[in-house]
Each structure stands twice: as C-alpha cells, then as structure tokens.
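Please look through the sequence and the three-dimensional view below before reading on.

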Amino acid sequence: MTILSWHRVAPFGAGDFPAGTPLCRFFAWNEAARHQDRRYIIARDIYTLFTAFGRGEAARAMCVAHLARCPLVGLRVGGWVSLQLSAPDRTQDGTVVAAARELVDRLLAAIGAADEAAHAAVFAAFEGLSAEIDLDAMARRRPRLLPAKRLPAPRRVLVIRLSALGDFVQSLGPFAAIRDHHAADRLALLTTAPFADFAVGLGCFDEVLIDHRPKPHALKEWWALRRQLRQGRFDRVYDLQTSQRSSNYLRLFARRARPEWSGIAPRCSHPHANLDRDRQHTIDKQAEQLLMTGIHPTPLPKLPPVFSEPPASLAGRDFVVLVPGSSPHRPAKRWPASHYGELARRFFELGYAPVVVGTKEERGLAAQIREACPDVIDLSGQTGLGDLATLVRNARLTVGNDTGVCHLAAASGVPVVVVFSAASDPALCAPRGDRVQILAVADLNELGVDAVLAAALAVMPPLAHPVEAAPA
C-alpha cells in the first residue's frame, strides 16, 4: 500500500464538547494522562481521517473503512500520522461495517452537543465495535485490524461495592442498570458481610461473594480472596467502590486473564475518565462511570418490595422514624438528641408514633430522646438492614442526620428530612428523591425544632389512622 502523506493529528479535544459533558471530561482526562484510553486514540484517528478526506460523506466512508476493512492510519509518531492511499477491497462481515459506521456517525454527531444521551451513544457505539474488532490492536502505534475475542455466553460479570451503608444504598440505581444491561449474563456482587443478606434480597444478583477485607499482612486471607476472584472467571468487573483497595483487586487476576475493568485502577480497560470525579455527587459519579462503559441511563436508587412486616407494635399506626446517630468519629454531623426528643414529643401530640433507630452503641441517644418523650418506641440495636428498609418504607416520614438510614428512606420513596452541618457537603452525598428535604446549617446546634417540624409537615402525608379524641 502506498503512503499518501504525513498529516498532523487533527486538533480534536475537550474543547470540542460543551464544558461538563461526559466527552469533554473524557478527553480532558486523556489529555492529562500518561497512558491514554484506547477509545480516545481511535476517536482522534477518526477525526483526523474525517478532516483529511474533506469532511463529507466520502470522508465518513474512509473512517468506516479504517475501522472495518484495513487501517488507513499506518503509523503514529508524536502529533503526526501516516495516511495510506486506500484500503484493499476486502469482504467483511456486515456487522463489522455497521458497528464502525455507528461509531463514526455517533462521534461526529456528539461534537458540540450538550445532550448527555448523545455522549452516551458514543460510548455505547464503542462497546458495539469492541464486540467485532480488537480495540487494543487498533489503538497501537501501528494500528492493526484484528477480530475481537469471542467470549462464551452468558458472560460472567462482577460488581464490587463493599461499604458503607449510605454508599451501598446509592449504588442501588447502578445495580439495577447493570442488571438490565447484562440481562442475559451471570451477575455477581462482591461485598462485605454486613450487606450480604440485604444484597441477596435485592434480586439483582445471581451470586453474592463475601470480601473479608484482609489486613495488609494477612497473606493467607489475601490468597483466599485471590483464589475466589480467579475462580469466578469474570469477563468484566464494575468497581463501584473505586477505592485504592478495590482498585488493587485488579492485580489479583492473572495478567493474561484480567477482565475488562470499569473503575479507577491504573490502565484498566474502562476508566472513569474524569479529573474532577472526587467533586461529583456519588450518584452522578457512578452514573457517569457506567455511561463510559455504554450503560445509560442509570436510575435513582430504589428499594425493592419490603423485606418483612413491620413490628406488631406498629401495625395499624402512623409512625415516624427518627435517626439521631451517625458516624461516631464525626459528632458534628449529629443534631442534638435533646432536639430529637422535643421533635418526638411534637409528633406524638400530632398523632404519630415516634420510632428511634440506630446501632446498639447509640442507645444512649435514644435514652435522651425518651427523657423528653416517654412514648418513643426505641428500636436501637434491634434492626438489621432488611428491618430498617421495612420500617422506612412503611413510615409516614423519616427524619435524620447525614447517615445511611436516610439514604434507605429516600430510596423507599417516602418523605425524608435530612439535616446537614458543615461537617459534610450535601452537594456530594445528600440523598436524592422527589420527597427529600435537605436542611443545611453550619452548626446543627443552631437548627431549631420548629424549622425541622415545618420541613417535615411540608412533605409528609396526612394521618392514615387518625386518633379519635377520648369522650368527655
């Protein structure tokens, strides 16, 4: 084949997409990266060819030929590429041509587009093409057109989400999106023991694996985790934990048998390519991570049907759930227990049964609340995750601090009021939902009971079982 000429790589980068859009972030991440994503390299090749051959329909056809018949980019050297005159007329499977055309059309259509769906379509098109050709070979310094490795069906997929409760609940939307995307595949979850039974009840996973989180020098436990992961023979992993620990799990797989990996592990196949990901809300972060694997849209977290019946003491009663606890090492996140006590008393006077939940270590908070309202039902230390899910789903309202139970309440779809101090940023971690009220003040000691009660009454439904007045 004759070399037509050397061309500068066409200027194509983050600035070609509106600020804050997925492709803008994806290109900016790659422009700063030492090891660039294969999709970024291929996208720049497409745009260079499109520009070199006149930007018309003929140029689009040359881009398709590059991906489906024979690479027209012969060599990349710095900011230059050698473009070859023509590709040999090879007969290719029509699905390869169709996948290549879909990618070219979607990529060019996304330039300048602010619609997130247009950006998601580009990543989905890359996934379609990756089922036909080897993207790694196409992204080499000397591009090669090789068929993709055919994986046996169903594929084996692993999701990693270890802790904590609030983060786990905010992954319910991603769990559902991954399950829908991999409907024909076998889906496993790697999590920690406290969430295992709850995860089984979600109905998203074919298998739940336990990570015992071995200490750095617990070699026997690390070996067991390594064996467990390798025996899974996973084809793809979605690391929703995206911590240094979970990223290191990629290294537990044999180098030649490493699965496709979505996360932040170095040189993984599907990085969440966003330089500002640490400033994203957890829900937005996970949704964009999945978008860059071709999964879109991702729904908000939603609890499945109730796990059990509420306690008999609450049958036929209108009750509100109060969550006075939070992380013990972050006391500034807690609204004073005395305020919860006054709020409980006010709810009781309105006809609602106040219910306090928390860990057994938080029973002292419940005791302070009972001092102000002896009619409180204290369930602290008596509820598992399934029980909590049942309670918040059946409650008329949940009021609490920035803690996991409030995320459960928001995912249940019933009203919830969450109080935030300067110790945490609701823009990064607040529960989301149509019936969520956020009250944020710098110091929770300055947040009065009247303000919380007003916010609660604004979102909660009326009594379903009004208490009749006693006869005179």
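Which residues have the most contacts inside the largest nonpolar core?

## Basis of the report

This is a predicted model, in which local features need pLDDT of at least 70 and side-chain atom pairs count only at pLDDT 80 or more, while totals for chains, interfaces and linings use all residues. Residues are numbered from 1 along each chain as its sequence is written, and side-chain values use heavy atoms, with hydrogens and water left out.

## Nonpolar cores

The residues with the most contacts inside the largest nonpolar core, which has 49 residues, are Val159, Phe175 and Val357. A nonpolar core is here a set of buried Ala, Val, Leu, Ile, Met, Phe, Trp, Tyr and Cys residues joined through side-chain atoms within 4.5 Å; buried means under 20% relative accessible area, exposed means over 50%, and partly exposed lies in between (1.4 Å probe, protein chains only). Helix α16 gives the most to this core, with six residues; helices (H or I, at least four residues) and strands (E, at least two) are DSSP runs, numbered from the N terminus. A second, separate core of 48 residues includes Ile41, Ala68, Phe123 and Ala125.

Contact means heavy atoms within 4.5 Å, and, when residues up to four places away in sequence are not counted, Val357 touches several residues, among them Val321, Leu379, Leu388 and Val405. Leu388 belongs to helix α15 (residues 385–394), where Leu385, Leu388, Ala389, Thr390, Leu391 and Val392 are buried. The cover over the buried residues of α15 includes α7, α9, β10, β13 and α16.

## Strands and their pairing

Two strands pair if DSSP finds at least two bridges between them.

Elsewhere in the chain, strand β5 (residues 186–191) pairs with strand β6 (residues 207–210) in the parallel sense over four bridges. The chain crosses from β5 through α9 to β6 in a right-handed β-α-β crossover, a term used if, with the strands pointing away from the viewer, the path from the first strand over the helix to the second runs clockwise.

## Salt bridges

A salt bridge is a side-chain nitrogen of Lys or Arg within 4 Å of a carboxyl oxygen of Asp or Glu, and by this rule the count comes to 23. In one of them, the closest N and O atoms of Asp45 and Arg76 are 2.5 Å apart. Asp45 lies in helix α2 (residues 38–52) and Arg76 in strand β2 (residues 73–77), so the pair ties together parts that are 31 residues apart in sequence. Both Asp45 and Arg76 are buried.

Asp378 and Arg370 also meet in a salt bridge (2.8 Å, N to O), but here Asp378 is partly exposed at 22% relative accessibility, and Arg370 is partly exposed at 33%.

## Backbone exceptions

Most residues other than glycine have a negative phi, and most peptide bonds are trans. The peptide bond from Ser163 to Ala164, however, is cis, with omega near -10°, and the bond from His296 to Pro297 is cis, with omega near 0°.

Arg233, although not a glycine, has a positive phi of about 50°; Arg233 is found in the loop between α10 (219–231) and β7 (236–239), and counts as exposed at 66% relative accessibility.
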